[in-house]
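Please keep the sequence and the 3D view at hand while reading.

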Amino acid sequence: MAGDGTNEEETYKAAVRELGKALTGLKRERGAPSFDRIRARGTKLLGARSALSKSAMSDIFAGRRGPASLDRLLWLVRTLLAYDDGEEVASPERGDPRLQQWRERWNTLEARRRAARQRPDERVDEAPPAEPEPQPLELRDAQGASSATDSGTDNLLHDTGDVGGEDRRPKQRETSSGQPNHEPLAASPQRRSPPPPTSRFAVGQPLIGQTERVTAVAFSPAGRLLATASYETAQLWDTQTRQAIGDPLTAHDEVTALAFSPDGHLLATASADRTVRLWNTQTRRLDGEPLTALDGVTAVAFSPDGDLLATASNEDETVRLWYVPFRWMKGELTGHAAKVNAVAFSPVGRLLATASDDGTVLLWDPNLSRPGGPVRPIGEPIVGHISREWAGSGLGIHTVAFSPDGALLATTGEDGTVRLWDPQTRRLVGEPLAAKDASLKKVAFSPDSTLLATGDDDGVIQFWDLVSRHPVGEPLTRHDHRVTAVAFSPDGHLLATVGGGEKVIIWSETV
């Protein structure tokens with residue numbers, strides 16, 4: 001069976017290379033416009049919603065990966081067809097017969113990708129299971145806008161979000177036949193009825209050779225790498241061998257947070273030294289000059305398209321948005337009255353949630369920010385863990401996270417509970433989740449949005465069914481101290497946890 005899987009993957013890679021050759025031929029036929037011209041022309045004619053960055057186009061034309069969706073492929077083809085021997089002409093409509101062959105190429109690529117990613121029913125002494133096929137999700141943010149997204153991997157040939165800014169209008173998703181898809185929006189949290197989830201993690205092993213205290217962890221988009229933040233360094237690890245990859249990344253005084261870019265090419269590390277540094281994950285070297293803040297940075301998050309980076313500061317109560325391609329600050333979000341502890345983009349990228357010691361979560365539209373311009377939160381603050389009269393006392397909200405389907409927002413606070421909110425209405429969904437004799441500190445949603453993993457101050461990790469709000473399975477109890485970080489791998493097969501900053505454990509799925 002392992003051999004069959006290998007053959008299927010090679011067939012898929014060959015299809016990706018063939019698509020790259022065909023696109024290269026079309027590009028040459030239309031006058032060989034540069035990637036800069038393609039991006040500018042496509043964004044002007046077709047909008048930025050499905051736009052590809054120069055790095056993504058480079059990989060796709062070279063056959064290193066394929067576009068993450070049919071929409072992105074057609075955006076590229078329609079843009080190329082808007083040139084005639086290098087001169088600009090009208091772009092073809094979506095129903096143009098010339099696009100049919102590219103839809104057929106996409107269908108072939110998708111079929112081969114699914115075959116390559118499908119897990120066999122039986123495995124004996126095989127390599128780790130292949131990542132599951134990306135499934136389109138219809139996402140909804142607090143403003144009611146929807147967008148179809150496709151998951152992908154950073155080094156498994158599929159583009160994972162190298163897109164430009166989003167078209168802010170709701171858009172129908174196209175099927176492989178070219179017809180609009182009228183699939184309904186994601187159901188509200190009260191109406192979702194997925195199959196009952198189960199706790200699948202029972203085998204946990206620590207990282208080999210990890211001795212530094214760890215303050216944060218993050219999986220790469222493909223799940224092959226785990227990044228850990230320590231007081232003075234960051235380190236990349238192979239998630240299968242649990243061994244370090246190369247030397248530590250050393251440039252900070254104290255690393256407080258980190259995040260991978262959606263395409264997996266960059267790792268952002270934040271520090272108490274008032275900087276955020278971007279690293280090339282292939283060379284493990286700094287990529288450009290550091291981003292400089294006015295105070296120590298406590299949290300960092302990339303937008304889903306990878307163009308924006310949100311950073312939260314320790315004392316000046318400000319969240320800054322950086323435009324990653326040019327490394328300049330796009331805007332400052334000022335609205336909190338105390339330290340900002342966490343930042344999180346919604347899955348579509350139209351919302352940014354920020355959590356603070358002032359006891360509030362604020363929602364922002366990151367696309368409205370501009371250098372020097374005022375930015376205001378959207379609607380009223382989310383308040384629930386503590387009373388507003390405690391604002392500024394340090395008894396605030398510790399973490400904030402969107403579910404991958406965009407239907408829920410999870411927060412943890414000084415009251416030791418996890419609260420789930422509907423980001424559309426800002427109302428509490430169900431009763432708070434609480435441990436019997438401990439305070440819940442950290443949370444992570446499973447990629448399919450059916451489970452929530454929580455870590456408490458006794459070192460226990462518990463899984464919760466997001467429909468019933470009840471614990472699922474036996475808790476994980478390998479940590480001796482407070483859980484300080486929890487993260488699912490993008491395919492949901494692995495879970496990384498940190499206890500007291502001393503031990504990092506990677507838990508494996510047992511099914």
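A network of salt bridges links Asp316, Arg320 and Glu332. The model is a predicted one, and a search of the whole structure finds eleven salt bridges in it.

**Salt bridges**

- Lys13 and Glu10 meet through their side chains in a salt bridge, with an N to O distance of 3.9 Å, which falls inside the 4 Å limit used for calling such a pair.
- These two residues both belong to helix α1 (residues 2-29), and because they are three residues apart there, about one helical turn separates Lys13 from Glu10.
- Lys13 counts as partly exposed at 26% relative accessibility, and Glu10 is likewise partly exposed, with a relative accessible area of 40%.
- Asp287 and Arg327 form a salt bridge between their side chains, at 2.7 Å from N to O.
- Asp287 sits in the loop between β15 (285-286) and β16 (291-292), while Arg327 sits in the loop between β19 (318-323) and β20 (328-334), so this pair ties together parts that are 40 residues apart in sequence.
- With 28% relative accessibility Asp287 is classed as partly exposed, and Arg327, at 24%, is also classed as partly exposed.
- Arg419 and Asp415 make a salt bridge in which the closest N and O atoms are 3.1 Å apart.

**Contact between helices α2 and α4**

- Helix α2 (residues 35-46) and helix α4 (residues 70-80) have axes that come within 9 Å and cross at roughly 100°, which means that α2 is roughly perpendicular to α4.
- On the α2 side the contact is made by Ile38, Arg39, Arg41, Gly42, Thr43 and Leu46, and on the α4 side by Trp75, Leu76, Arg78, Thr79 and Leu80.

- Three strands make up an open sheet, in the order β21-β22-β23 and with antiparallel pairing.
- Strands β21 (340-345) and β23 (361-364) stand at the edges, and because each has a single partner strand, one side of each is left without a neighbour in the sheet.
- On average, and with direction ignored, neighbouring strands of this sheet are turned by 20° against each other.
- Strand β22 (residues 352-356) pairs with β23 in the antiparallel sense over four bridges, and Thr354 has Leu362 as its bridge partner in β23.

- Strand β30 (residues 461-465) and strand β31 (residues 471-476) run antiparallel and are joined by three bridges.
- Which residue of β31 is the bridge partner of Ile461? The partner of Ile461 is Leu476.
- The two strands form a hairpin with five residues between them, and in the turn Arg469 has a positive phi of about 65°.

How values were computed:
Residues numbered from 1 in each chain as written. Predicted model: local features only at pLDDT ≥ 70, side-chain atom pairs only at ≥ 80, totals over all residues. Heavy atoms only, no water. Pairing = 2+ DSSP bridges. Axes fitted to C-alpha atoms, helices over the stretch in contact; angles between N-to-C directions. Parallel < 35°, antiparallel > 145°, perpendicular 65-115°, else oblique. Contact = heavy atoms within 4.5 Å. Buried < 20%, exposed > 50% of the residue type's maximum accessible area, 1.4 Å probe, protein only.
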